Amino acid sequence: MPLPLADRVIQLAFDPGITPAGGGLPGLAVLKNVVNSINMFGIIAVVGALAVSLGVWAWGHHTGGHQAEANGKKGAIVAAGAALGLGAANGIVAFFSALGSQVH
């Protein structure tokens, strides 16, 4: 026999009582260090990509290579967006985590 709608809604509203807690697992400090290193590697790679893209943009502009110039512009915009995302990753996750914890 199927459950009435009210009982199904109550089951959806069940609070399991799970909250994030630091220090619960061994190796958390190592994991944070690895993620920080990956983020730093990404930022360094973006600096290189931005330098190459700006060089291609300038080279395309001065040689009349319109496609190279356009690709350099696209690369510079993508690199700037990647830098923005990498730099804001911690804040974005913290914002949405705090927003998600307000849902009841």
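**A helical pair in a predicted model**

By the ring-pairing rule used here, in which rings of Phe, Tyr and Trp (its six-membered ring) pair if their centres lie within 6.5 Å, the count comes to one aromatic pair. That pair is formed by Phe95 and Phe96, with 5.0 Å centre to centre and 80 degrees between the planes, and it is edge-to-face (planes under 30 degrees apart count as stacked, over 60 as edge-to-face and the rest as tilted). This is a predicted model, in which local features need pLDDT of at least 70 and side-chain atom pairs count only at pLDDT 80 or more, while totals for chains, interfaces and linings use all residues. Residues are numbered from 1 along each chain as its sequence is written, and side-chain values use heavy atoms, with hydrogens and water left out.

The protein has three helices and zero strands, and from the N terminus on its elements run α-α-α; helices (H or I, at least four residues) and strands (E, at least two) are DSSP runs, numbered from the N terminus. Of its 104 residues, 10% count as buried, where buried means under 20% relative accessible area, exposed over 50% and partly exposed in between (1.4 Å probe, protein chains only).

Helix 2, residues 28-63, packs with helix 3, residues 66-101, at an angle of about 160 degrees, and their axes are 7 Å apart; the axes are lines fitted to C-alpha atoms, for helices over the stretch in contact, and angles run from 0 to 180 degrees between N-to-C directions. That angle makes helix 2 roughly antiparallel to helix 3, because angles under 35 degrees count as roughly parallel, over 145 as roughly antiparallel, 65 to 115 as roughly perpendicular and the rest as oblique. The crossing of helix 2 and helix 3 is left-handed, that is, the near helix is turned anticlockwise from the far one by less than a right angle, whereas clockwise would be right-handed. The residues of this contact divide into 14 nonpolar, seven polar and two charged (Ala, Val, Leu, Ile, Met, Phe, Trp, Tyr, Cys and Pro count as nonpolar, Asp, Glu, Lys and Arg as charged, and the others, Gly among them, as polar).

Ser53, found in helix 2, is buried with a relative accessible area of 11%, and, not counting residues up to four places away in sequence, Ser53 touches Gly72, Gly75 and Ala76, contact meaning heavy atoms within 4.5 Å. Trp57 also has its place in helix 2, but Trp57 is partly exposed, with a relative accessible area of 32%. With residues up to four places away in sequence again left out, Trp57 touches Ala68, Glu69, Gly72, Lys73 and Ala76, and the C-alpha atoms of Trp57 and Gly72, 15 residues apart along the chain, are separated by 4.0 Å.

On helix 3, Glu69 counts as buried at 15% relative accessibility, and its contacts, not counting residues up to four places away in sequence, are Val56, Trp57, Gly60 and His61. The C-alpha atoms of Ala89 and Asn39, 50 residues apart along the chain, are separated by 9.0 Å.
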